[in-house]
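Let's take a walk through a protein model together.

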Amino acid sequence: MPHPTAYLGFNGTCAEAMRFYERALESKLEVLMTNGASPMASMCPPETHDRILHARLVLPGGGMLMAGDCPTHMPYEGIKGVSLALNYDTVAEAERAFKALSEGATITMPLQPAFWAKTWGMLVDKFGTPWIVNGELLPV
């Protein structure tokens, strides 16, 4: 059965965001392809050649996060109605990730205990991506 993979859209900040996530999530950015470096370069307006067509970040444990810059002919409305949830085995791992993602972020719920995890918190990072970070999930 397939597992859903988040594909984030940005408005010209995809490369910066994905490099930030690579550091913050201790992951590996495997693909960061611009329109100009893609097989579709000749079909893309020259002024869009530096925008990201496709990015792929491999997370520890094998998960993935993908992204790209919104095509310039389409209105960009930001990321709405979804949060990316990260579940860590330990409180310490969750605290580290939350702190890293918090750089320039709006914290909507500080880390705190919950009935489903020893710690959890919510934030919207400096690129507009909403995150939920859980540490040590508990049986519910």
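A residue is called buried when its relative accessible area is under 20%, exposed when it is over 50%, and partly exposed in between, using a 1.4 Å probe and protein chains only. The model is predicted, so local features need pLDDT of at least 70 and side-chain atom pairs count only at pLDDT 80 or more, while totals for chains, interfaces and linings use all residues. Residues are numbered from 1 along each chain as its sequence is written, and side-chain values use heavy atoms, leaving out hydrogens and water.

Let's begin inside. A nonpolar core is a set of buried Ala, Val, Leu, Ile, Met, Phe, Trp, Tyr and Cys residues joined through side-chain atoms within 4.5 Å. The largest one here has 28 residues, and Phe10, Met18, Tyr21, Leu25, Leu101 and Trp131 have the most contacts inside it. Among the elements that each supply at least two residues of this core are strand E1 (6-10), helix H1 (14-24), strand E4 (64-69) and helix H2 (91-101). Which element gives the largest share of this core? It is H1, with 7 residues. Helices (H or I, at least four residues) and strands (E, at least two) are DSSP runs, numbered from the N terminus. Now find Met18: leaving aside residues up to four places away in sequence, Met18 touches Leu29, Ala55, Leu57, Leu65, Met66 and Ala67, where a contact means heavy atoms within 4.5 Å.

Next, look at the rings. A pair of aromatic rings is described by the distance of the centres and the angle of the planes. Rings of Phe, Tyr and Trp (its six-membered ring) pair if their centres lie within 6.5 Å; planes under 30 degrees apart count as stacked, over 60 as edge-to-face and the rest as tilted. The whole structure holds 7 aromatic pairs. In one of them, the ring centres of Phe10 and Phe127 are 6.4 Å apart and the planes stand at 85 degrees, so this pair is edge-to-face. It links distant parts of the chain, since Phe10 sits in strand E1 and Phe127 in the loop between strand E7 (117-124) and E8, 117 residues apart. Phe10 counts as buried because its relative accessibility is 0%, and Phe127 is buried at 12%. Tyr21 also makes an edge-to-face pair with Phe127, with 6.1 Å between the centres and 80 degrees between the planes. Ring pairs join Phe10, Phe20, Tyr21, Phe127 and Trp131 into a cluster.

Now for the charged side chains. Side chains of opposite charge can pair when their charged atoms come close. A salt bridge is a side-chain nitrogen of Lys or Arg within 4 Å of a carboxyl oxygen of Asp or Glu, and this structure has 4 of them. One joins Glu30 and Arg56 at 3.4 Å, N to O. Glu30 is in strand E2 and Arg56 in strand E3, so the bridge ties together parts 26 residues apart in sequence. Another salt bridge pairs Lys126 with Glu103, whose closest N and O atoms are 2.8 Å apart. Are these two partners buried or partly exposed? Lys126 counts as partly exposed because its relative accessibility is 36%, and Glu103 is partly exposed too, at 46%. In a further bridge, the closest N and O atoms of Lys118 and Glu136 are 3.0 Å apart.
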